[in-house]
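Morning, everyone. Please have the sequence and the model open for this one.

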Amino acid sequence: MSLTERLGLAALRCLDPETAHGLSLLALRTGLAPIPELFMGQRLATKLAGMQLLNPIGLAAGYDKNATVTEPLSRAGFGFIEVGAATPLPQPGNPKPRLFRLAEDRAAINRFGFNNDGMEVIATRLAARKPGILPVPVGLNLGANKTSDNRAADFARVLARCGPHVDFATVNVSSPNTEKLRDLQGPAALTALLAGVMETRAALATPIPIFLKIAPDLTDDDLAQIAEVALASGLHGIIATNTTLNRDGLKSRHKGEQGGLSGAPLFERSTRVLARLSQLTGGTLPLIGVGGISTPEQAYAKIRAGASAVQLYTAMVYEGLSVAARIAQGLDDLLVRDGFASVTAATGTGRSDWL
């Protein structure tokens, strides 16, 4: 991490977390933020649901909610990025404060509630983005409006409007901050929801991969049902996992805040869910590992547990924007150390350690 980045992070941590988040986006938009170089190489190049990735380190949804900095993020060391979540109508989200740093735990709690500019504005921004120098896929996290009469249909509506302008889309039924949204993870509701989304996908001029993002707070039976539905629905991958409601072992004074917990405390829980999904799907469905990644070793552990690629977000709060490039370089070193010629060769080789 450069001195400039260390000083910038220190300054941002003096501010309210949501204000700091907004200023980091402003710095990217105006060119004030230093952009790290993408780390890539033959071992790191991989495919995810047919998309060619220069490296398997992705940016999770939630940072660039409104697709305002896709161009600088595409140059910031990530192999792929996900923006959103986007809902059909704009919505302000939950009252502030709604984002909390848990520095002692290297974590964060948020209860944003899908605050975003709505699909029309976001689709316009996505359509206007210029092709990057390097091919970095950009995807959209699909959400539902809090006041919607038919939340299941909202996902298909956003896909129909924004799908032509992204490389993949994610059905997000796992945010804990929209009341009863996680109920859509049940098998009957999820089957019906995904049927609508996949029908909409088929109608796109260029059909794109569709992923499903699930919660970490699921039982083995829940996971088995989700795996069955995912395979039957023709999904192209599962993102494991979203934030957790669990608060075990936290030290921070903010540990009692409502919302989803992300960061270091989520690593083991999310990796166990990932490994279990890998077992349930027999390695036939691409999995994206998310939750608590801030080091090359953690990214490698997710891959060996069954992930074809990984995503991070909270790590940037503590490690800066350059964390993606540093993890990619360290991951490459680990693949060399263990004799793996590619990310794919390493995928799932350590799954039994997490079961």
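I'll go through the barrel, and then a pair of helices. Keep in mind that this is a predicted model.

Start with the strands. Strands of a sheet pair through backbone hydrogen bonds, either parallel or antiparallel. Which order do the eight strands of the barrel follow? Read it as S3-S4-S7-S8-S9-S10-S12-S13, and there the barrel closes. The pairing is parallel. On average, neighbouring strands of this sheet are turned by 25° against each other, ignoring direction.

Let's zoom in on one pair. S12 covers residues 287–290, and S13 covers residues 309–312. These two run parallel, joined by three bridges. Look for Gly289: opposite this residue stands Val310 in S13.

Now the helices. H11 lies across S13 and also across strand S3, residues 57–59. Its direction is at about 160° to S3.

H11 has a helix partner too. Two packed helices are described by the angle between their axes and the distance between the axes. So what are the values for H9, residues 296–305, and H11, residues 323–337? Their axes come within 8 Å and cross at roughly 60°. That angle makes H9 oblique to H11. The crossing is right-handed.

Who makes the contact? From H9, we have Pro296, Glu297, Ala299, Tyr300 and Ile303. From H11, the list is Arg326, Ile327, Gly330, Leu331, Leu334, Leu335 and Arg337. How do the residues of this contact divide into nonpolar, polar and charged? Eight are nonpolar, one is polar and three are charged.

That's my part. Thanks.

Definitions and conventions:
Residues numbered from 1 in each chain as written. Predicted model: local features only at pLDDT ≥ 70, side-chain atom pairs only at ≥ 80, totals over all residues. Heavy atoms only, no water. Axes fitted to C-alpha atoms, helices over the stretch in contact; angles between N-to-C directions. Helix = DSSP H or I, 4+ residues; strand = E, 2+ residues; numbered from the N terminus. Parallel < 35°, antiparallel > 145°, perpendicular 65-115°, else oblique. Left-handed = near helix turned anticlockwise from the far one by under 90°. Contact = heavy atoms within 4.5 Å. Nonpolar A, V, L, I, M, F, W, Y, C, P; charged D, E, K, R; others polar. Pairing = 2+ DSSP bridges.
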